[in-house]
Amino acid sequence: MRLPVISAQVFFMIVVFLYAGTASADVVLHRSDNNHDYDFVRNGLNYKIKRTRTSDGTSVETDSVCVISGNPNTGGVLDIPNYVDFSGKRFIVYDISDAFKGCESIKQIILPSTIAKIGYQAFEDCKNLEEITFSEGLVALGHRAFAGCIRLKSISLPASLTILESYAFYNCKSLKQVIIPKNVSEIQILAFGECSSLEEVTFGKNLRRLNGAPFSKCKKLKSITCLSPIPPAGSAIWGESKDFRNVTLHVPATSIEIYRTNKDWRDFGKILPLLP
């Protein structure tokens with residue numbers, strides 16, 4: 001008896017069906033969620049495998065994945081792992097980009113040490129986010145990464161951080177204190193703009209430049225500590241909306257006169273030496 005010919009499309013559907021019957025329930029291959037393509041799912045998080053192109057134009061999978069979307073657990077905790085396993089291979093969870101914007105169910109974020117960058121709008125407008133646990137290994141906070149997280153009251157940035165891009169914590173109106181790690185050399189436009197409850201800021205010793213009024217409209221600022229012996233450069237550092245006659249600036253004792261004569265720093269009400 002002659003067997004019927006099976007088309008390529010039908011054959012592919014049969015393979016997918018057979019795979020689905022043997023794969024674990026939290027795995028979905030090559031699907032789209034809110035216009036984001038992802039390769040597989042683990043514990044409610046959607047992952048995309050990073051790929052590179054060889055010299056002949058071939059796309060090759062790496063051993064890294066990006067978190068591109070998903071949901072926190074029932075308690076509102078988003079706990080991202082260091083590694084995930086898929087199809088017999090272990091992948092490093094390397095970055096997050098444009099993944100959880102506007103996700104109001106997130107209350108707490110726990111980030112692994114493998115995350116090197118939190119990218120563009122990753123957690124923007126997560127309006128109920130109250131707590132973030134950063135790990136050493138994070139290098140960059142991207143544009144608007146946590147902008148509009150209005151319930152976020154405090155952050156502890158890791159020493160490994162080197163880049164704070166524009167609007168990173170813009171309009172985090174409950175944020176009261178910020179300590180910039182020592183390896184950050186530059187803070188971009190409005191990184192902490194309109195953080196209207198911010199009272200204290202500490203800059204690390206290697207800060208060299210503040211661009212485009214990164215602390216504009218931080219109306220409750222009372223104290224700024226700058227550990228850099230050289231006044232960081234940048235025009236319109238604070239914007240035009242703040243009267244700094246009521247703000248105290250603490251700087252290294254050997255740099256008092258340099259700060260008092262610098263055009264961007266001389267207008268503070270008090271410029272005092274750091275305590276030994």
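**Close-up views of a predicted protein model**

**Figure 1. Contacts across the whole chain.** Take the contacts in the protein chain between residues at least 6 apart in sequence: 37% of them join residues at least 24 apart. Keep in mind that this is a predicted model. The protein chain has two helices and 20 strands. It counts 276 residues, and 43% of them are buried.

**Figure 2. Strand 8 and its partners.** Let's start with strand 5 (residues 59-70), which runs parallel to strand 8 (residues 89-96) and is joined to it by four bridges. In this pairing, Val-67 sits opposite Ile-96 of strand 8. Strand 7 (residues 83-86) also pairs with strand 8, again over four bridges, but in the antiparallel sense. Here you can find Val-84 opposite Phe-91 of strand 8. Then there is strand 10 (residues 117-118), which pairs with strand 8 in the parallel sense over two bridges. Look for Lys-117 in strand 10, which stands opposite Asp-95.

**Figure 3. The hairpin of strands 7 and 8.** Two residues lie between strand 7 and strand 8 in this hairpin, and Ser-87 in the turn has a positive phi of about 50°. There is a salt bridge to spot as well: the side chains of Arg-90 and Asp-85 meet at 2.9 Å, N to O. Arg-90 is exposed, with a relative accessible area of 53%, while Asp-85 is partly exposed at 37%.

Figure 4. Zoom in on strand 6 and strand 9 (residues 108-110), and you'll find three bridges between them, in the parallel sense. Leu-78 faces its opposite number there, Ile-109 of strand 9.

**Figure 5. Inside the largest nonpolar core.** This core has 67 residues, and those touching the most other members are Ile-118, Phe-123, Leu-141, Phe-146, Phe-169, Phe-192 and Phe-203. Several elements each supply at least two residues of the core, including strand 4, strand 5, strand 16 (200-203) and helix 2 (256-261). Leu-141 is a handy place to look around from. Leaving out residues up to four places away in sequence, Leu-141 touches Ile-118, Phe-134, Phe-146, Leu-157, Leu-161, Ile-163, Leu-164, Glu-165 and Phe-169.

**Figure 6. Salt bridges around Arg-51.** The whole structure holds nine salt bridges, and one of them is formed by Arg-51 and Asp-39, with their closest N and O atoms 3.1 Å apart. Arg-51 belongs to strand 4 and Asp-39 to the loop between strand 2 (36-38) and strand 3, so the pair ties together parts that are twelve residues apart in sequence. Arg-51 counts as partly exposed, at 35% relative accessibility, whereas Asp-39 is buried, with a relative accessible area of 3%. Glu-61 joins in too: Asp-39, Arg-51 and Glu-61 are linked in a network of salt bridges.

**Figure 7. A buried salt bridge.** Arg-144 and Glu-124 form a salt bridge, and their closest N and O atoms are 2.7 Å apart. This pair links distant parts of the chain, 20 residues apart: Arg-144 lies in the loop between strand 12 (140-141) and strand 13, and Glu-124 in the loop between strand 10 and strand 11. Both residues, Arg-144 and Glu-124, are buried.

**Figure 8. Two loop residues with positive phi.** Most residues other than glycine have a negative phi. Asn-43, though not a glycine, has a positive phi near 50°. You'll find Asn-43 in the loop between strand 3 (40-42) and strand 4 (45-53). Asn-43 is exposed, with a relative accessible area of 70%. Tyr-167 is another non-glycine residue with a positive phi, in this case about 60°. Its place is the loop between strand 13 (163-164) and strand 14 (177-179), and Tyr-167 counts as partly exposed at 22% relative accessibility.

**Figure 9. Phe-244 in its loop.** Phe-244 lies in the loop between strand 18 (223-226) and strand 19 (248-251). Is Phe-244 buried or exposed? Phe-244 counts as buried, because its relative accessibility is 7%. Along the chain, Phe-244 and Asp-267 are 23 residues apart, and their C-alpha atoms are separated by 6.3 Å.

Technical notes: Residues are numbered from 1 along each chain as its sequence is written. This is a predicted model: local features need pLDDT of at least 70, side-chain atom pairs count only at pLDDT 80 or more; totals for chains, interfaces and linings use all residues. Side-chain values use heavy atoms; hydrogens and water are left out. Buried means under 20% relative accessible area, exposed over 50%, partly exposed in between (1.4 Å probe, protein chains only). Contact means heavy atoms within 4.5 Å. Two strands pair if DSSP finds at least two bridges between them. A nonpolar core is a set of buried Ala, Val, Leu, Ile, Met, Phe, Trp, Tyr and Cys residues joined through side-chain atoms within 4.5 Å. A salt bridge is a side-chain nitrogen of Lys or Arg within 4 Å of a carboxyl oxygen of Asp or Glu.
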